[in-house]
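Here are a few friendly notes to read alongside the model. Please keep the structure open and look up each residue as you go.

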Amino acid sequence: MPSLHLHRANNPTIDEYSAAGGVDFYFTFAFQPIVNASTREIISFEALVRGPGGEPSAEVFALVPRENLYRFDQACRLKAIHVAKRLKIDTRLNINLFPNAINRTGLNIRGTLQASLKEGFPVDKIIFEISEAEKLENYPLVIGIFESYKDFGFKTAIDDFGTGYSGLRMLAEYQPNFIKLDRNLIADIHQDFVRQTIVKGIGNICKQLSIEIIAEGVEIEEEYQWLREIGINIFQGFYFARPSFEALIDVQSKLF
Ligand SMILES: [Ca+2]
């Protein structure tokens with residue numbers, strides 16, 4: 001159930017982003033680091049939408065009127081850039097796109113581009129993640145929009161790879177800069193021959209196509225070590241750091 005305090009009209013902390021998104025509550029972001037183990041540095045933070053008290057994204061999205069989903073998704077992008085900039089981010093920034101919200105129109109790129117420029121945030125440091133976990137309503141249009149983002153200089157990633165509706169199809173038609181291997185493929189991979197075989201296969205595909213793999217949802221050292229041994233370099237997950245509310249936290253160097 002949504003938290004009561006999240007859904008209050010006349011919330012004094014509502015800002016222009018809430019208004020632009022068509023919601024009557026304040027929303028903000030938590031940030032989770034993404035590390036490159038070969039260079040031993042944080043290369044990006046993924047922005048994850050949160051309610052005013054840190055409520056998770058599912059609770060936040062449950063309160064968005066369906067007819068405003070597109071507006072809200074757009075406002076999320078703009079605010080993620082704004083908050084990250086306020087926190088003085090100096091790495092890349094991963095931003096999630098809600099795929100069926102970008103179906104409505106392709107014109108939202110310009111808004112994101114202008115926000116990036118206004119905040120002084122380099123376009124090529126923004127990585128848009130699009131999930132394959134949701135069935136796309138208009139497949140060619142989404143691919144086209146993804147291509148446009150790339151043309152504008154943004155980086156792109158297929159999110160939740162390996163769990164959804166269209167991962168290989170999407171990859172066949174569109175090659176992003178990154179794919180994010182889903183937690184379901186990574187859980188206990190150090191002792192799961194089938195998952196090991198699948199992930200090695202994806203690794204070969206990505207190597208041939210010059211796509212970088214981000215292993216997300218890494219929770220324990222054994223998973224990390226196994227993935228590292230087969231040549232995966234980029235990681236995200238609770239093993240390194242949980243998302244932190246309106247903060248860019250460091251990762252302990254002993255972990256990787
Ligand atoms: Ca994501």
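1. Let us begin with a term: two residues are in contact if their C-beta atoms, placed from the backbone, lie within 7 Å. With that in hand, look at Ile 43, which is in contact with Ile 34, Val 35, Asn 36, Thr 91, Arg 92 and Ile 234, leaving aside its neighbours within four places in sequence.

2. Before going further, please note that this is a predicted model, where local features need pLDDT of at least 70, side-chain atom pairs count only at pLDDT 80 or more, and totals for chains, interfaces and linings use all residues. Residues are numbered from 1 along each chain as its sequence is written.

3. The protein chain contains nine helices and nine strands; helices (H or I, at least four residues) and strands (E, at least two) are DSSP runs, numbered from the N terminus. Contacts between residues 24 or more positions apart make up 65% of those in the protein chain with a separation of 6 or more.

4. Back to Ile 43, which sits in strand E2 (residues 41–50). Is Ile 43 buried, exposed or partly exposed? It counts as partly exposed, because it has 18 C-beta neighbours inside 10 Å. The cut-offs are these: a residue is buried if 20 or more other C-beta atoms lie within 10 Å of its own, exposed if 12 or fewer, and partly exposed in between. Of the 256 residues of the protein chain, 39% count as buried.

5. Now for the largest nonpolar core, which has 61 residues. Such a core is a set of buried Ala, Val, Leu, Ile, Met, Phe, Trp, Tyr and Cys residues joined through C-beta atoms within 7 Å. Ala 47, Ala 80, Phe 128, Leu 181 and Ala 215 have the most contacts inside this core, and helix H3 (residues 69–86) gives the most to it, with eight residues. Not counting residues up to four places away in sequence, Ala 215 touches Leu 181, Ile 186, Leu 227, Ile 232, Ile 234 and Phe 235.

6. Most residues other than glycine have a negative phi. Asp 160, in strand E5 (residues 155–161), has a positive phi near 55°. Asp 160 is buried, because 22 other C-beta atoms lie within 10 Å.

7. Ser 210 also deserves a look: its phi is positive, about 55°, although it is not a glycine. You will find Ser 210 in the loop between helix H8 (193–208) and strand E7 (212–215). Ser 210 counts as exposed, because it has 8 C-beta neighbours inside 10 Å.
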